[in-house]
Amino acid sequence: MAETGIEIDGAPASAAQLAALGLLNYGHFTTLRAEAGRVCGLTLHLDRLVRDCRTVFAAELDREAVRDRIRGALPADGAPVIVRVTVFDPALGLERPGAVAEPRLLVTTRPAPATAPGPLRVRTAAYRRELPEVKHVGLFGLIRHRRLAQLDGYDDVLLTGPDGRITEGATWNLGFLDTDGQVVWPEGDALPGVTAALLADAHPGPQRRERVDAGGGPARFAAAFALNAGVGVRPIAAIDGTAFDPAHPGLAGLRAAYEGIGAETV
């Protein structure tokens, strides 16, 4: 197929189907990076889709059908692409979203970044995603806070809960490196990220979870990093007024651990 594409259940998406998703904006998704027909953490991505489909639609998703749709959307030359699998029901309407759902699979692809993006400069904002344990399509609040941060000269936004604790980035999870090299994962309501789970399993050193408050909380750490499936481990250069060394040697170790994870065949 073409280098980029939009398909629903393996066929080109129609304008009416896409309009249904855009107008109702009800569904869930996962985003993954594929290269040469392989995906890092494919099983976890499929687990997420199945789990979220039960929550969002009270329906069972066919894992093998998802794999087949992903496989069919990949470029024949094996070029690296970012694949998004969105689960939605174009027959549901605004007036009767409680009807029995028959979820469909919308698969989109775009070229993966050719080079690793640079370190992030982020600012905190008080915002909690609705149903944070689900990767759903309700992105307005996230995109608005990301936009406002970028208009103020930052790259992205880091979310904080009503009690002031840091939870997650707009579309990424967060980790810190303590001064002794230990990985620290912030406690709080956040999406259970696939990349974070993979790194937690692959990292050979000690790890812990603890509350990290905005304001002075990040300053006690030696380094900070963002994680998502598109870029893996990405250094954070600053959170609000706290600067970090984006070339901290511990980050290279984290990237090596993540890049050493074996990818699964789609």
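By class, the residues that line the largest pocket are 17 nonpolar, 13 polar and nine charged. Here Ala, Val, Leu, Ile, Met, Phe, Trp, Tyr, Cys and Pro count as nonpolar, Asp, Glu, Lys and Arg as charged, and the others, Gly among them, as polar. A pocket is found on a 1 Å grid over the protein atoms alone, as an open set of points with protein on both sides within 12 Å along at least five of seven lines, and its lining residues have an atom within 4 Å of a point. The model is a predicted one, where local features need pLDDT of at least 70 and side-chain atom pairs count only at pLDDT 80 or more, while totals for chains, interfaces and linings use all residues. Residues are numbered from 1 along each chain as its sequence is written, and side-chain values use heavy atoms, with hydrogens and water left out.

Let us stay with that pocket. The space inside the largest pocket comes to about 810 Å³, a volume being the space filled by probe spheres set on the grid points, which are joined across faces, edges and corners. Its lining has 39 residues, and nearest the centre lie Thr31, Lys135, Thr171, Trp172 and Asn228. Several elements give two or more residues to this lining, among them strand E3 (28-35), helix H2 (42-57), strand E5 (81-88), strand E6 (104-111) and helix H4 (140-151). Helices (H or I, at least four residues) and strands (E, at least two) are DSSP runs, numbered from the N terminus.

Next comes the second largest pocket, with about 590 Å³ of space. Arg33, Val231, Gly232, Tyr258 and Glu259 lie nearest its centre, out of 24 lining residues. Two or more residues each come from E3, strand E4 (38-39), strand E14 (232-239) and helix H6 (249-259), and E14 gives the most, with four residues. In this lining, 15 residues are nonpolar, three are polar and six are charged.

Now follow the strands. E3 and E4 both belong to an open sheet of seven strands, whose order is E2-E1-E6-E5-E3-E4-E16 with antiparallel pairing. At the edges are strand E2 (11-12) and strand E16 (264-265), each of which pairs on one side only. Two strands pair if DSSP finds at least two bridges between them. Strands of a sheet pair through backbone hydrogen bonds, either parallel or antiparallel. Within this sheet, E5 and E6 are joined by eight bridges in the antiparallel sense, and Val87 has Leu105 of E6 opposite it.

Which residues does Val137 touch, leaving aside those up to four places away in sequence? They are Asn25, Tyr26, Gly27, His28, Phe29, Arg84 and Thr86, where contact means heavy atoms within 4.5 Å. Val137 sits in the loop between strand E7 (120-126) and H4. Its relative accessible area is 6%, so Val137 counts as buried; the cut-offs are under 20% for buried, over 50% for exposed and in between for partly exposed (1.4 Å probe, protein chains only). The C-alpha atoms of Val137 and Leu21 lie 9.4 Å apart, although 116 residues separate the two along the chain.

E8 and E9 run antiparallel and share three bridges, with Leu158 partnered by Gly169 in E9. Five residues lie between the strands of this hairpin, and Gly164 there has a positive phi near 90 degrees. A cavity is a set of grid points where a 1.4 Å probe fits but cannot get out, and the whole structure has one of 30 Å³ or more. Among the residues lining the largest cavity are Tyr127, Arg128, Leu159, Thr167 and Asp189, and strand E8 (156-160) and strand E9 each give two or more residues to this lining.

Further along is strand E11 (residues 183-186), which is covered on both faces: Val183 and Trp185 on one side, Val184 and Pro186 on the other, all buried. Strand E10 (residues 173-177) is antiparallel to E11 and joined to it by two bridges, with Phe176 opposite Val184. In the hairpin of E10 and E11, Gly181 takes a positive phi near 90 degrees. E11 also pairs with strand E12 (residues 207-210), this time in the parallel sense over four bridges, where Trp185 faces Arg209.

The structure holds zero disulfides, a disulfide being a pair of cysteine sulfur atoms within 2.5 Å.
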